[in-house]
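Here's a quick briefing to read with the structure open beside you. Take it topic by topic and find each piece as you go.

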Amino acid sequence: MSKVVKSIKEVIALAGLKDGMTVSFHHHLRNGDFVLNMVMAEIAEQGFKDINVNASSLFDVHVPILEHIENGVVTGISADYIAKGVGRAISMGIMKNPVQFRTHGGRPSDISLGRTPIDVAFIAAPTSDTMGNCSGKYGKSACGSLGYAYADAMFAKKVVVITDNLVPYPLQDFSISEDWVDFVVPVEAIGNPKGIVSGTTQITRDPVGLVMASHAAKVIENSGLLKDGFSFQTGAGGASLAAAKFLKDIMLKKEIQGSFGLGGITGYLVDMLHAGCFKTLMDVQCFDLKAVESLRTDPRHQEISAMQYASPSSRSAVVDSLDVVILGATEIDTDFNVNVHTDSNGYIMGGSGGHSDTAAGAKLSMIIAPMFRGRLPIVTDRVTCISTPGKDIDVLVTQGGIAVNPKNVELTQRLTAAGLPIIDIHELKEKTERITGTPKKLPKGDRVVADVISRDGQLLDQIYNVPQK
Amino acid sequence: MRRSMLFLPGNTPNMLINGSCLGADAVIFDLEDAVSPNEKDSARILVRNTIRYMDFHGCEIIVRINSIDTAFWKQDIDAILPWKPNLILLPKTSSTADVLEADAYITEVEEKLGFAKNTVGLMPLIETALGVENAFAIATATKRVKALFLGAEDLTADLQCKRTKEGREIEYARTRLVVAARAAGVDVYDTPFTDVNDDEGIWTDASYAKALGFTGKASISPRHVEVINSVFSPTQKDVDYAYEVMEAIALAEQQGKGAVALHGKMIDAPIVNRAKQTIAMAEALGMGRGN
C-alpha cells in the first residue's frame, strides 16, 4: 500500500472533490504559505465551482484567492483571522455570501461537532513519512507546532498531507498520525521560510509601548494571581512582549515559579521557561525560530492541538486553566467590548484568532492598546465590530491610565492600593478625545460581508461592507 | 518635586503629546540640540502648541531654548513665554553675563505680557569649563535662577576628554556644581546617562548622583525615568525615620528639653531639616508612615 501521490492534480481527483464541497487549510506557514495557493490554483484549473474554503487564517500571501472568488471557484470562506490584503476586498463586497469568522477554539469545536464538515483537508507538513505521520518541527520549512491542523486531520472526510520533506517510514516524533491521513503529496516547496516564522520577535523600543508594558506587568503583579502555579499567555506584539519581559523580572525577583506559558509561543516565553518562570510551555503555534527550536529539543515545551488549546466543546481546554492573558485591540468601547476584526475605516484586517477564547477562559483578560493610533482614539462609545464581548475583558491598559471593568471591584481596589493610575473608561475616552477630537462615525454599508460567530457557535456580530466613494 | 526630567525632541509630535504619560516629574521640550537648524521654526511652533493645548497633569514643563549666541533664542522665548513654562533651560551658560542677558530679555517679555517678574524660572545648563568654574556666580546672578543643570556631553568636549560610563572625567564638575548650587540655595540636576539599553548602568549612575547631593537627574530616554524616580525617592525606612525625628522634636519641645537623642544619636538642625524635606517628598508621593 502506498499513500504517496505524485501531484496535487492527481490527489484532487483521488480525494473525490466535487463542486460545492469544503476544503480546509491550516495557517502554520503564515505569510510564507504556498500550499493554499497551489491547491486552489489546481482546483480552479480543473474547473470546480462553489468551493467553500475553511482556513484557520488567511494571510496577505493568500491574495490570489480573490481571483478564485471573482471566478466563482470559491463562494464561501470560513476563517479565524483574515489579514488586510484579502480582508479589504471582502469589506468592499467581493463575496456574495458573508465570510464566517470563528475563533481558534470555535473552529475545531464546530468541525468536531459536525457543524462545519470538511470534505478534503490539505495539511501542509514540513516533514512527513510515506504514510502521513507528519510534523512541523523538522525540515527546511519547519514551523514548529501543527496545533491548528489536528481537527482537520481528525474529522475531514479525506486528508491530504502535502510536504517538501518526505522521509522514510516511520517518522519519529510525529504530530499528526498516519491513521488520519489518506494521501501524501511531495512537492518542491510548501512555503517560504522567511514568511513562515520571524527570525526573532522583538520587544518594543517605543517609549509609549514600554510605559504600557510596565503598567501591564504591575497590574499582573498586583492582581493577586501572580504566585506559584501562575499561568500566562501573551501575543507577539512589541508591547505584549515587553510586558512579558517586565513580568519575567518580577517573577525572578519574587522567586515565583509559574506552571505554564500558553499560546502562540515566542522566544520570550522560551526565555521565561529557561529562567524557571514556568514548568512547561503549551504550544499551539510557534511565532519565531527560537520557539521552533525549543519545541524540537526541549521536552518541557509541548505541542497542543487547537482543541486542547481552546475548544469550548472539549472535555477541558487549556484556556480554562489560564490565569492571565494579554491581548490587543483595534477598538474598545465603554462597555469593554473589543474589536480586532476591522481597522479604523471599517475594513477587515484581522480576526479573533484566540482572542475571545483566552479572554473567556482566563481569570484576568487584559487589553494593551495606546490611547490613540494615528489620530484616532482607541476607546469609543460602540466598537465597529464586537470580536470579544466586554463581559470577558477585565482591564484596559493604555499610556494614559488603566481602566478596570467595573465588574471587577476587588481588582480595582487592589490596583488602586498599589498606586497604579486607575481611570474610568469614560474619563479615558474624554481625555483622549481632548487630544484627538471626536471622530465622525464611519459610514456603514447596507450588506453583511462577514458573520462573527462566537466560540460557542452563536452569531456575535456582523460586519458590513465599506461603502466606496 | 523634580526627581526626573525627560528630554523630548521638539520636532517629534508623537513624543510631545505623550510626554505627560512617560512618568517623569518634568519634561524638557528641546528646541536646541535635538532640532536641526532647518526645523527650528516648526519645532518652536509644535512645542508652543503642545504647551498651549495639552494638559500635562502636574508634570512640570521646561523648555530648552537655543543658546544666546544663536539667532534663535529670542524667537524661542517670544513663542514660549506666553504659555508660562515652569523653567527655561539656558544652554551653554558660562558666565554671569550670559544669565543676565537672558534674564533681561525674559524680563522684557514678561513685562510686555503683563506677567510678574520671575514668573518663569531659569535653569542654566552648565556645559563648559568656564561655566563650571563660574557655577556659584551663575547660580546667584539673579533670583530667576532656580537650579543648575550639568551637561556632561558638551562639557567633556570642552575639557578635551572622553565621556565614559564611569564618569570620572566629570567628577570635579559634579561636586563643584552641587556645592555651588547648595551654597546659592538652588536645586541641582545631573546630566543624562546616555546608554539607553544599560539598565544597571543608569541605576549606578543615578545612585551616585544622589549620593553626591543632586536633587534629581535628567534623562534622554523614557526607559530611564522609572529608575531615576526610584533612586531619588525616599525609601519607606527614610520616611519612617523622618517621622520619628519630628515626633522626637515635638516631644522634646513639649517637655522643654534642649537636646534630643533618637536611637542613641543626637538630633541637630540639619537632621531636622532633612526630615522635613523627606516628609514633604513622601507626602507628594502619597507615601504614608509604614508599620
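Helix H2 of chain A is followed by Gly47(A), whose phi is positive, near 85°. Helices here are DSSP runs of H or I with at least four residues, strands are E runs of at least two, and both are numbered from the N terminus. Keep in mind that this is a predicted model, where local features need pLDDT of at least 70, side-chain atom pairs count only at pLDDT 80 or more, and totals for chains, interfaces and linings use all residues. Residues are numbered from 1 along each chain as its sequence is written, while chains are lettered from A and ligands numbered from 1 in the order in which they are written.

**Helix H2 of chain A**

- H2(A) covers residues 35-45, and its buried residues are Val35(A), Leu36(A), Val39(A), Met40(A) and Ile43(A).
- "Buried" means 20 or more other C-beta atoms within 10 Å of the residue's own, "exposed" means 12 or fewer, and "partly exposed" is in between, with C-beta atoms placed from the backbone.
- Looking down the axis of H2(A), those buried residues fall within an arc of 115°, so they line one face of the helix; the arc is taken over the directions from the helix axis to the C-beta atoms.
- The cover over them includes helix H1 (8-14), strand S1 (22-25) and strand S5 (120-125) of chain A.

**Thr103 of chain A**

- You'll find Thr103(A) in the loop between strand S4 (99-101) and helix H5 (106-112) of chain A.
- Why does Thr103(A) count as buried? Because it has 33 C-beta neighbours inside 10 Å.
- Setting aside neighbours within four places in sequence, its contacts include Asp80(A), Ala310(A), Asp357(A) and Arg455(A); a contact means C-beta atoms, placed from the backbone, within 7 Å.
- Ser56(A) is 47 residues away from Thr103(A) along the chain, with 8.6 Å between their C-alpha atoms.

**Where the chains touch**

- Nine residues of chain A are in contact with nine residues of chain B.
- On the chain A side, helix H8 (residues 207-221) gives the largest share, five residues.
- That side of chain A splits into five nonpolar, four polar and no charged residues. Here Ala, Val, Leu, Ile, Met, Phe, Trp, Tyr, Cys and Pro count as nonpolar, Asp, Glu, Lys and Arg as charged, and the others, Gly among them, as polar.

**Strands around S3 of chain B**

- Strand S3 (residues 60-64) of chain B is mostly covered, with four of its five residues buried.
- S3(B) pairs in the parallel sense with strand S2 (residues 26-30) of chain B over five bridges, and Val27(B) sits opposite Ile61(B). Strands pair if DSSP finds at least two bridges between them.
- From S2(B) the chain crosses through helix H2 (residues 40-53) of chain B to S3(B), a right-handed β-α-β crossover. Right-handed means that, with the strands pointing away from the viewer, the path from the first strand over the helix to the second runs clockwise.
- S3(B) also pairs in the parallel sense with strand S4 (residues 87-90) of chain B, over three bridges, and Ile62(B) has Leu87(B) as its bridge partner.

**Helix H11 of chain B**

- The buried residues of H11(B) are Val239(B), Ala242(B) and Val245(B), and they fall within an arc of 120° seen down the axis, so they line one face of the helix.
- The face turned away from that buried side carries the exposed Lys237(B), Glu247(B), Leu251(B) and Gln254(B).

Conventions. Two residues are in contact if their C-beta atoms, placed from the backbone, lie within 7 Å.
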